[in-house]
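Morning, everyone. Have a look at it first.

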Amino acid sequence: MSELSAQLHNGIAKGSFVVLGRAGMDLYADPIGVKAEFGENFRADLGGSSANICAGLCKLGMKAALVTSLSDDTVGRFIRNKLIQYGVDVGHIRTLAGEYRSSLAVYESVMEDFQVCIYRNNAVDFQVTPEDVADIDYGRFGALVTAGTVFAAEPSRSATFAAFDLAKKAGVPIIFDIDYRPYSWPSPDVAADVLTRAADASAMIVGNDEEFGFMAGAYERGLDAARGLAARGKLVIYKMGAEGAITMTGDQELRTGTYPATPLKPVGAGDSFMAATLAALANGASLADAVDQGAAAAAITVSHPGCAGAMPDRATLSQFIEIHQ
């Protein structure tokens, strides 16, 4: 085991994560099958990739602290209250007055012609500053986790890279979910450059085949790019949708499959996968079993309405895996 791999293993084993990134509010049409444009009733819950990862970790018995900014309004307070309900540490969340707004996503529980409308104008989570991340005691945590959206704009981009430097000085490994959202970025070229820089700085990189292909400049080069990162001592999980995932460490590759599911919507799977994989590793599971648990959590999440609320707790996850083995 390389020094970097040992550091990553020991950090995850602590079961305590500091997570940087977006928290938002989800509104999804109720009941199942109703298109949002025809909806008369909507349910509200926590949303946003980093917030969802935090909720998923806490539901599986881990500790997670979110670093972000929220708007000083009813939506921002709703999000904070939901984070607290899920057990997330909100001590590093700053509330901003003025015209900055927390994200709002409106969608539906349907697969055919699924639509999601995400309001990101004047996004408050992009206002996290280097000063905000400087106040964190990184030694309290086993690992730093972030999703790629934080890098799409300033000052969040600089703040996150500053957090990377501070975490490394504290001996805390970095876990990076590529999570490329084109609508957030000024251009594809900027996105590819910045996301590649983030991957270079990370000990563990998780992304799908399209995201690795984007970073590499062409879809067909994505797998080679992932292998190149693994050859440098990083843990890389290359997700391929229904075809499962390839997990790479050094020159070794592990292929894993998926679980059967009747999906209600295509969102939330990646966040649930990340949370469950990390929780399993923290609990001492082998890499193969951890990725398998991540796949099971993803299948559960897409089969229920919502995102954070659809993510499994330990009992639900264990029962699901037992039934499908």
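**Cavities, pocket, packing and loops**

The largest cavity holds about 50 Å³ of space. Some terms before I go on. We work on a 1 Å grid over the protein atoms alone; a cavity is a set of points where a 1.4 Å probe fits but cannot get out, and a pocket is an open set with protein on both sides within 12 Å along at least five of seven lines. Lining residues have an atom within 4 Å of a point. Grid points are joined across faces, edges and corners, and a volume is the space filled by probe spheres set on the points.

This is a predicted model, so local features need pLDDT of at least 70 and side-chain atom pairs count only at pLDDT 80 or more, while totals for chains, interfaces and linings use all residues. Residues are numbered from 1 along each chain as its sequence is written, and side-chain values use heavy atoms, with hydrogens and water left out.

How many cavities of 30 Å³ or more are there? The count is 3. Back to the largest cavity. Its lining is Leu20, Gly21, Val67, Thr68, Asp125, Val128, Val150, Ser156 and Thr160. Strand S4 (63-71) and helix H5 (156-169) each give at least two of the lining residues. Helices (H or I, at least four residues) and strands (E, at least two) are DSSP runs, numbered from the N terminus. By class, the cavity lining has 4 nonpolar, 4 polar and 1 charged residues. Here Ala, Val, Leu, Ile, Met, Phe, Trp, Tyr, Cys and Pro are nonpolar, Asp, Glu, Lys and Arg are charged, and the others, Gly among them, are polar.

The largest pocket has a volume of about 1400 Å³. It is lined by 48 residues, and Pro266, Val267, Gly268, Ala269 and Gly270 lie nearest its centre. Elements giving two or more residues to that lining are helix H2 (49-59), strand S6 (103-107), helix H7 (209-216), helix H9 (269-282) and helix H10 (287-302). Which element gives the largest share of the lining? H10, with 5 residues. The pocket lining has 25 nonpolar, 12 polar and 11 charged residues.

Take H2 from that list. 10 of the 11 residues of H2 are buried, so this helix is largely enclosed by the rest of the structure. Buried means under 20% relative accessible area, exposed means over 50%, and partly exposed is in between (1.4 Å probe, protein chains only). Among the buried residues of H2 are Ser49, Asn52, Ile53, Cys54 and Cys58. After H2 comes Gly61, with a positive phi near 90°.

Next, H10. It packs against helix H11 (residues 314-324) at an angle of about 100°, with the axes 10 Å apart. That makes H10 roughly perpendicular to H11. From H10, the contact uses Asp292, Gln293, Ala296, Ala297, Ala299 and Ile300; from H11, it uses Thr316, Leu317, Phe320 and Ile321. These contact residues split into 7 nonpolar, 2 polar and 1 charged. Axes are lines fitted to C-alpha atoms, for helices over the stretch in contact, and angles run from 0 to 180 degrees between N-to-C directions. Under 35 degrees is roughly parallel, over 145 roughly antiparallel, 65 to 115 roughly perpendicular, and the rest oblique. Contact means heavy atoms within 4.5 Å.

Thr249 sits in strand S12 (residues 245-249). Thr249 is partly exposed, at 28% relative accessible area. Leaving out residues up to four places away in sequence, Thr249 touches Ala230, Lys234, Leu235 and Leu287.

Last, the backbone in the loops. A cis peptide bond joins Asp30 and Pro31, with omega about 10°. Pro31 is in the loop between strand S2 (24-30) and strand S3 (41-47). Another cis peptide bond joins Glu154 and Pro155, with omega about 5°. Pro155 is in the loop between strand S8 (143-147) and H5.

Two positive phi values to finish. Asn122 is not a glycine, yet its phi is about 55°. Asp179, also a residue other than glycine, has phi near 45°. Buried or partly exposed: which is Asn122? Partly exposed, at 48% relative accessible area. Asp179 counts as buried, at 9%.
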